[in-house]
Amino acid sequence: MESELLLHSGGCHCRRVRWEVEAPTSVVAWKCNCSDCSMRGNIHFIVPSERFKLLGNSDQYLTTYTFGTHTAKHTFCKVCGITSFYKPRSNPDGIAVTYRCVDPGTLAHVEIKQFDGQNWESSYDSSGVSSCSKMDTEKVKVGSS
C-alpha cells in the first residue's frame, strides 16, 4: 500500500535547477552499479513523468549526457554539475529523482534497493523497476502472487 502523495521540492547544489515532484513520504530508491551511477554515487527513486515539474528557467541551466543505448538522458546542471534528476533507461516514461537532492523535511523514509546495472537486462526483468513510472492505476504489485 502506498502512502499519500506529497509535493516535494528540490534541485541542484547552486539552486539554478529547481523542480517539484509528487511522491509518497516513503519511497523506494534504487542504487545502481552501472558505470555511470556507480561513478556518481547516484541513488534515485522513480516517478511517472506527469508527477514531475521543472520550475522557472531551470531548463536553461541543464545539459544532457547519453551513452550506450542513449535511452537514458542524464541531465545535470551546467553550473554546479549535479544530476538532481534524469530520464532512466529502465523507465523512459518516468523521471529518476536523486533522493539526496530533495529539500529536507518531506521524505520520511527511503528504502534502498540494489539494481545490478552491470547485468542490466536480467536485473530489469527481476527487479520490478519498470512499474515505478506507472500511475497508481497502472502499477503492477511487485512481489505479489
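**Entry 1, cysteines.** I searched the whole structure for disulfides and found zero. I note at the outset that this is a predicted model, and I keep that in mind for each entry that follows. I then looked up Cys32, which is in no disulfide either, its nearest cysteine sulfur being that of Cys34, 3.7 Å away.

Next I traced an open sheet of three strands, and I wrote down its order as β1-β2-β5, with antiparallel pairing. Which strands lie at the edges? They are β1, residues 5–11, and β5, each of which pairs on one side only. From one strand to the next, I noted a twist that averages 20 degrees. As background for myself, I recorded that strands of a sheet pair through backbone hydrogen bonds, in either a parallel or an antiparallel way.

I followed the pairing of β1 with β2, the strand of residues 18–24, and found it antiparallel over seven bridges. Along this pairing I picked out Gly10, whose bridge partner in β2 is Trp19. The two strands form a hairpin with six residues between them, and in the turn I found Arg15 with a positive phi of about 70 degrees. I also looked at how covered β2 is, and I found that five of its seven residues are buried, so that I describe this strand as mostly covered.

Is Phe52 buried or exposed? Phe52 counts as buried, with a relative accessibility of 13%. Leaving aside residues up to four places away in sequence, I listed what Phe52 touches: Trp19, Glu20, Val21, Phe85, Ile95 and Val97. I also looked up the C-alpha atoms of Phe52 and Glu22, which are separated by 6.6 Å although the two residues are 30 residues apart along the chain.

How many salt bridges does a search of the whole structure find? My search of the whole structure gave two. Before looking at each pair, I reminded myself that side chains of opposite charge can pair when their charged atoms come close.

In one of the pairs, the side chains of Arg18 and Asp103 meet at 2.6 Å, N to O. Since Arg18 lies in strand β2 and Asp103 in the loop between β9 and β10 (109–115), the pair ties together parts that are 85 residues apart in sequence. I found Arg18 to be buried, with a relative accessible area of 15%, while Asp103 is partly exposed, with 22%.

In the other pair, the side chains of Asp36 and Arg40 meet at 2.7 Å, N to O. I located both residues in helix α1, residues 35–40, where they are four residues apart, about one turn of the helix. Asp36 counts as buried at 11% relative accessibility, whereas Arg40 counts as partly exposed at 32%.

Last, I looked at Ser90, which lies in the loop between β8 (85–86) and β9 (94–98). Although Ser90 is in a loop, I found that it counts as buried, with a relative accessibility of 10%, because buried means under 20% relative accessible area. I also noted a polar contact of 2.6 Å between the side chain of Ser90 and the side chain of Asn91.

Key:
Residues are numbered from 1 along each chain as its sequence is written. This is a predicted model: local features need pLDDT of at least 70, side-chain atom pairs count only at pLDDT 80 or more; totals for chains, interfaces and linings use all residues. Side-chain values use heavy atoms; hydrogens and water are left out. Buried means under 20% relative accessible area, exposed over 50%, partly exposed in between (1.4 Å probe, protein chains only). A polar contact is a pair of N or O atoms within 3.5 Å; within protein, one must be able to donate a hydrogen and the other to accept it, and residues adjacent in sequence count only if both atoms are side-chain atoms. A disulfide is a pair of cysteine sulfur atoms within 2.5 Å. Contact means heavy atoms within 4.5 Å. Two strands pair if DSSP finds at least two bridges between them. Axes are lines fitted to C-alpha atoms, for helices over the stretch in contact, and angles run from 0 to 180 degrees between N-to-C directions. A salt bridge is a side-chain nitrogen of Lys or Arg within 4 Å of a carboxyl oxygen of Asp or Glu.
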